[in-house]
Amino acid sequence: MAPSGPPAACLYAAMPTFSYVLAQTYTDAPDRPAIHLQFAKRDDVTLTHRDLVRGATGFAAVLAGENIQPGEVVVIIQHHGEALVYAFWGAILHGAVPAILPPLTEKLLPERYRHDLSALIGITQPAAVITYADFAGEVQAAIDASSVTRKPKCIAVNVVTPAEPDFAALGGMRRTEDDIVLLQHSSGSTGLQKGVALSHLSVFNQLDAYAPAIGLTERDVIVSWLPLYHDMGLIASFLLPVLKRVPLVLMSPFDWVRAPGKLMQAVSKYRGTLTWLPNFAYNFCATRARDRDLEGVDLSSLRAVINCSEPVYDSSQRAFAAKFGRYGLRETALATCYAMAENTFAVTQSAIGQPVRLNEGGGIGNAGQVSSGRPLPNVQVRVLDESHNDVAQGTIGEIALKSDCMLSEYYHRPDATAQAFHDGWYLTGDLGYMLDGELFVTGRKKDLIIVGGKNVYPQDLEQLAGEVDGVHAGRVAAFGVFNESAGTEDVVVVAEAESEDEAAREQVAESVRQYITRNSDVAVRHVVLVDARWLVKTSSGKVARSANKAKYLEEQALGQPDTQG
Amino acid sequence: MSNDTTDVASMIAGYISGTILKNPKRIIKPDEKLISSGLIDSFHLVDLGLFIEDKFGVRIDDSELNADTFDTLDQLVGVITSRQ
């Protein structure tokens, strides 16, 4: 579908800050729907821009009452719902810097969650942690255990009382474009310690480059189940619609995962035009959406389903198209994007409404390699060799970026910030190649596992496995193995066992699996216990993950070693 | 346990170990925590719900696919037999 209607507006003549845009929309289009919130057991709740600003103003008053100062960080731990939305925008209107973190899930041990939150508080030094009443005790325990001298306040808010905004009195109106507007973290003990700090200007530069790349207009409707503690959820499926006045339909990831057909129902109900999904969700929707949930569903309004945040597989795209074609999904709606939090969001985007280019034979086995599209006009992409020299077109190297929408810093982590850049170029740690101006992402230089769109640091899992009785500490390798039917990576842990007894090993393997899940919220697909000195180490004595992955795959192909888990 | 509930339990246990965990040798104990232990991750809860609906004609609502409704094989069998 060709974009219709006026292009999405550029709304910050006075100052490119979030609060100015909220104030402008509150004046120009207060009755326009901002967010349709969907729930498992309640009717949808529609917040207009007036509702959004009034709720946020009420929340800003709470922060003012707690003496939180503009520029200070507030951590937000809320479940899907009005309170989360108001807390985020309330922090913005107050001039504070919100950082949304995931809530505790039933799998994760509270002690581990507390430990990670304490560590984050130690680095970020927020002025407050905002949560809901039932969880305040847990948050307070994490605050008490943190190393900071000035302890953040724990603010429990379940229901916000809306208030009329007096914009002149709101701290957010005095922020400037270079000020940090928000922090974004990825998951796990390692990820939580590196908060990506973005300025107002970086976010607007991203949105102003990305909106035309997807042909965004005020007639679009964005539909999302993505969590707001993830860049694809926060930027593409929360900030982009609210700041560009495009209605958003938002559901909880926890509701979606139990009934993926709800995404299609939402598209059908609200005539959704755009949605972003990680690759695994294509397989998941195609195989798990119940037919009874899809009765009468019409997906013909969708002009782009954008595959982003984990490696894109043609087989996943095709499975999705095959399943939903009969519900009106057009095959040309399938699009791709390469994005990362450090660049605010998108680096590249495929052309909307056109088939995504496939480099035949470029992927795994004989599969084609899917293009991620062209760099946004404000992003320069280079592909570098080990010595940081440009490689020839079509040659694989490390992807490096320079743009006007880069992170300001990893918050309070000058060491990590310095390490991420070389000569002014951000080194992504991802591998890929350029072909005719399009980027093809092939893998990763850094040992990162991406499972279900979530970044998992293998060192976190190895550390945990080493804590289990019966495992040789320091002699563990964790890595991801692509599972084609799931469309994402399976987590595999190989550990050297102290015992050679098979029954004992089975017990240890089970303990490792459980211990990792409960301490990292990561489901491990396969735990393999091996003999001492099985693992390949580097000359410096570190476990070589890629070499051990290769050895594991080789032995799997041969039907050994004895595997449990 | 009656024969019926034993059958239900063993069919579900077989499905969990064989299809979800891909390890048919794995024994699922009746009181073993399935969800809160992470043995069944959230992506497989839908599968389990569909399996139960197909095999036993019992509908478990999407919103019930969590550790509050059932977390062990025993509890799951209880939910199924109470609705048959």
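**Notebook: a hairpin, a helix and a chain contact**

I began with a hairpin in chain A, formed by β22(A) and β23(A) with 2 residues between them. D436(A) sits in the turn, and its phi is positive, about 50 degrees. I note here that the model is predicted.

Next I looked up how the two strands pair. β22(A) covers residues 425-435 and β23(A) covers residues 438-444. They run in the antiparallel sense, over 6 bridges. I picked out one partner: M434(A) is bridged to L439(A) in β23(A).

Then I turned to helix α7(A), residues 200-213. I counted 14 residues. From first C-alpha to last, the helix reaches 20 Å, close to the 20 Å expected at 1.5 Å a residue.

How many residues of α7(A) are buried? I found 10 of the 14, so the helix is largely enclosed by the rest of the structure. Among the buried ones I listed H200(A), F204(A), L207(A) and Y210(A). S202(A), N205(A) and Q206(A) are buried as well.

What do these buried residues pack against? I noted two helices of chain A, α1 (18-28) and α8 (231-243). I also noted the strands β7 (180-184), β8 (196-199) and β14 (346-349) of chain A.

I checked what comes after the helix. G215(A) follows α7(A), with a positive phi near 60 degrees.

Last, I looked at where the chains meet. In chain B, 15 residues are in contact with 15 residues of chain A. On the chain B side, I sorted the touching residues into 7 nonpolar, 6 polar and 2 charged.

Note on methods. Residues are numbered from 1 along each chain as its sequence is written. Chains are lettered from A and ligands numbered from 1 in the order in which they are written. This is a predicted model: local features need pLDDT of at least 70, side-chain atom pairs count only at pLDDT 80 or more; totals for chains, interfaces and linings use all residues. Helices (H or I, at least four residues) and strands (E, at least two) are DSSP runs, numbered from the N terminus. The expected span of a helix is 1.5 Å times one less than its number of residues. A residue is buried if 20 or more other C-beta atoms lie within 10 Å of its own, exposed if 12 or fewer, and partly exposed in between; C-beta atoms are placed from the backbone. Two residues are in contact if their C-beta atoms, placed from the backbone, lie within 7 Å. Ala, Val, Leu, Ile, Met, Phe, Trp, Tyr, Cys and Pro count as nonpolar, Asp, Glu, Lys and Arg as charged, and the others, Gly among them, as polar. Two strands pair if DSSP finds at least two bridges between them.
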